[in-house]
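This briefing sets out the fold, the surface and a few selected residues of one protein chain. Please read it alongside the sequence and the coordinates.

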Amino acid sequence: MNRTEFVIATAVILLVAFSVGYFACWLVQRFSRVSTADVAELDQMAKSLHDAEETRDQAITYLQQREAELTNQLSQTEAELRAAMDGLRDARHESEELRSFIERSKTG
């Protein structure tokens, strides 16, 4: 094999390798191409996710407000309970004083 035949054989081999690589690249791009239906579906999914996140944020805000309201109501109820218990304690103390006064009046 002389020099010219070697150069031609090398050129043919390189051309075949390039052609095979180009064909393989074309096949990969052809099969991995995203269709417009897939893009539309991805857009719809993104919109649904965004809506779900907004709904979640609104629910969290509502729950925080409701929790604050209930905490405030609980604090008020506890304050009212303490006031009622103090009033009851005072009434019991006063009734005991009246009983002891009545008993002292009867005996004395």
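Helices are DSSP runs of H or I of at least four residues, numbered from the N terminus. In that sense Thr71 sits in helix α2. The model is predicted. Its protein chain has 2 helices and 0 strands. The radius of gyration is 45 Å, well over the 13 Å that the globule rule gives for 108 residues, so the chain is more spread out than a compact globule.

**Overall shape and surface**

- Along the principal axes, the C-alpha atoms of the protein chain fill a box of roughly 150 × 30 × 15 Å.
- Buried residues make up 0% of the 108 residues in the protein chain.
- The protein chain exposes about 10,200 Å², and carbon and sulfur atoms supply 62% of that area.

**The start of the chain**

- Asn2 lies in the segment before α1, a helix that covers residues 3–31.
- With a relative accessible area of 44%, Asn2 is partly exposed, because that class runs between the 20% limit for buried and the 50% limit for exposed.
- The side chain of Asn2 reaches the backbone nitrogen of Glu5 at 3.0 Å.
- From Asn2 to Glu41 the C-alpha to C-alpha distance is 61 Å, for a sequence separation of 39 residues.

- In the pair of Phe18 and Tyr22, the ring centres are 6.4 Å apart and the planes are at 25 degrees, so the pair is stacked.
- The cut-offs behind this are centres within 6.5 Å for a pair and planes under 30 degrees apart for stacking.
- Phe18 and Tyr22 both belong to helix α1, where they are 4 residues apart, about one turn of the helix.
- Phe18 and Tyr22 are both exposed.

**Residues in helix α2**

- Helix α2 covers residues 36–107, and His50 has its place there.
- His50 has a relative accessible area of 42% and is partly exposed.
- A polar contact of 2.8 Å links the side chain of His50 to the side chain of Glu54.
- Thr71, which is also found in helix α2, counts as partly exposed at 44% relative accessibility.
- Thr71 and Ala84 are separated by 13 residues in sequence and by 20 Å in space, C-alpha to C-alpha.

Conventions
Residues numbered from 1 in each chain as written. Predicted model: local features only at pLDDT ≥ 70, side-chain atom pairs only at ≥ 80, totals over all residues. Heavy atoms only, no water. Buried < 20%, exposed > 50% of the residue type's maximum accessible area, 1.4 Å probe, protein only. Polar contact = N/O pair within 3.5 Å; in protein donor to acceptor, adjacent residues only side chain to side chain. Rg over C-alpha atoms; globule rule 2.2 N^0.38 Å. Areas by Shrake-Rupley, 256 points an atom, 1.4 Å probe, with all protein chains shown as cover. Phe/Tyr/Trp six-rings, centres within 6.5 Å; stacked < 30°, edge-to-face > 60°.
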